[in-house]
Amino acid sequence: MEGSSGWLREQAVPARRRLAATVAFGELAGILMVAQTGLLARAVDAVIFHGAGLSQIMPLVLAGMAVIAARAGFTVAARRSAFSCASVVKRELRRRSIWRLQTLGPVALAGMKAGEISHAAVDAVEALDGYFSRYLPQRAIATLLPFTILAVIFPLDWISGLVLVLTAVFLPISMIVIGDQAHERNQKLWGRLALMSGRFLDVLQGLSTVRMFGAARREAAEIERASHEHRLLTMSVLRIAFLTSFMLELISAVSIAVVAVIAGFRLLHGTLAFGSAWFILLAAPEYFLTLRALGTFYHSRMEAMSAAEQIQAFLGDDGSRPSGPGRGASRRVAGAPSLRLREVSFSYGAAPVLSRVSLDVRPGERVALTGPSGAGKSTVLALLLGFAAPGAGHVLVDEAPLSDFDLDAWRASVAWLPQRPTIFAGTVRDNLLLGRRGAAEGELHRAMDLAGIPDLPLESPVAEAGQRVSTGQAQRIALARLFLRSPSVVLLDEPAAHLDPETAARVRQSVTELARGRTTIIVTHRADAVEPTDRVIQLFREVTE
């Protein structure tokens, strides 16, 4: 718990000025509340016991109206500042989450559930809002404002002040005792929610497979069961929250009642003036209101700490911006470079894929990389793209380590076509412009011609994952996107896979045009499935007992 609490405090550093402003506005609003209470007590005392008329108390009324207006202004300013404070923290965490996704790359992300990623990067970050916009400011205000009220009450009646001090001690005790249980339940709740999110998204993504195998009812029942468990756990957290509120209200009510009884007896004996007693009775609820608000917002802290554990696990040990291979390097590629692997080994967890693999591709050479499934052909492309770092050995570009290159500039000079290229929702034009923003109309049509789809309108709608177009059209849209890049290196992973023979032949012709004068590696299961190449390099699967 302490680790999450410390991590949360560190996240407030970028917004410390806004946080300080929120506390200052809240404290000023509290001070004006004391002034408002004092003016009201004086006005009532003047009318009831001194026979003052409206003209005599008008200065008090006007001053009270000015105080109310100023208090409202400071309250609004405090809320706006609190919202801004939480927004700064959430924006920074989202930026770091995006950076984390970019740094991990597709190889590492392939082993993570999309639902758990979105839960940590979106839902968990949003759950921190209450901690930074309500709990942190209120904690500071609850430390300062009660002392301000007590500083006014003690000179008027030290007995009432002492009662308020003694009863207020029970508020933080109840928050701590009940809050520990709330934290434990919140941890379970967030863990269950992450699992449920991941499971639900997996079912949606594989809905066709689920229905094909007749498992739709079973999966629906499983989701219903998980939802029911989540509902029960949520209700248990709410029960604790309501119990906390009940305890805080009970302690406050008993304390105010004791103060009222004491003030009443002293009024009867003439040892306390009515104006002072009336002020104390009006200020006592405000005194406890500040502490009760802290107790209410204490659950925002518990929720934030549970969410923080999810975010920390996603961002890494310290959540700082990782440097990553090649970040900040100045070397850039020029022309068609040579590509080399030197004694490279790579494993996915405990499963070795490449073991001391070496290969050389000369500048402008076209190489077919073949081998059985699991031999590491796609892994070689991932290493060359900088999506993964070798466990041992070196990846060289023009005899220089890939880590010496600026990865953004390096990838901008590479045309990469995976087995299943990503087509985004929008139009064909939108997808082509991912290759190069600002490409002219003529360049788009030329890229379409080179890719073998000159008759496909640029404004044709395309749904997510390439829906509304055929597999062959999606493959060639991705190829056309690469023609717009004018790359120095071409990396293709089974460019003609999942296509009919006629479409595959057209794609191979487009690949031949794309690879002309560029260093090219084409991954394929069969060397005869691609056009004649300069060389064929075969990888063999690592066999382990």
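Select Arg356 to begin: this residue is exposed, because its relative accessible area is 60% (exposed means over 50%, buried under 20%, partly exposed in between, with a 1.4 Å probe and protein chains only). Arg356 sits in strand E2 (residues 351–361); strands are DSSP runs of E with at least two residues, helices runs of H or I with at least four, both numbered from the N terminus. Its phi is near 50°, a positive value in a residue other than glycine. Most residues other than glycine have a negative phi.

You are looking at a predicted model, where local features need pLDDT of at least 70, side-chain atom pairs count only at pLDDT 80 or more, and totals for chains, interfaces and linings use all residues. Residues are numbered from 1 along each chain as its sequence is written, and side-chain values use heavy atoms, leaving out hydrogens and water.

Next, select Glu343 in strand E1 (residues 339–348). Phi of Glu343 is also positive, near 50°. Glu343 counts as partly exposed because its relative accessibility is 36%.

Now go to Glu494, in the loop between strand E9 (489–493) and helix H16 (501–515). Is Glu494 buried or exposed? Glu494 counts as buried, because its relative accessibility is 11%. Show its surroundings too: leaving aside residues up to four places away in sequence, Glu494 touches Gln419, Gln475, Val523, Thr524 and His525 (contact means heavy atoms within 4.5 Å). To finish, pick the C-alpha atoms of Glu494 and His525: they are 7.7 Å apart in space, while the two residues are 31 residues apart in sequence.
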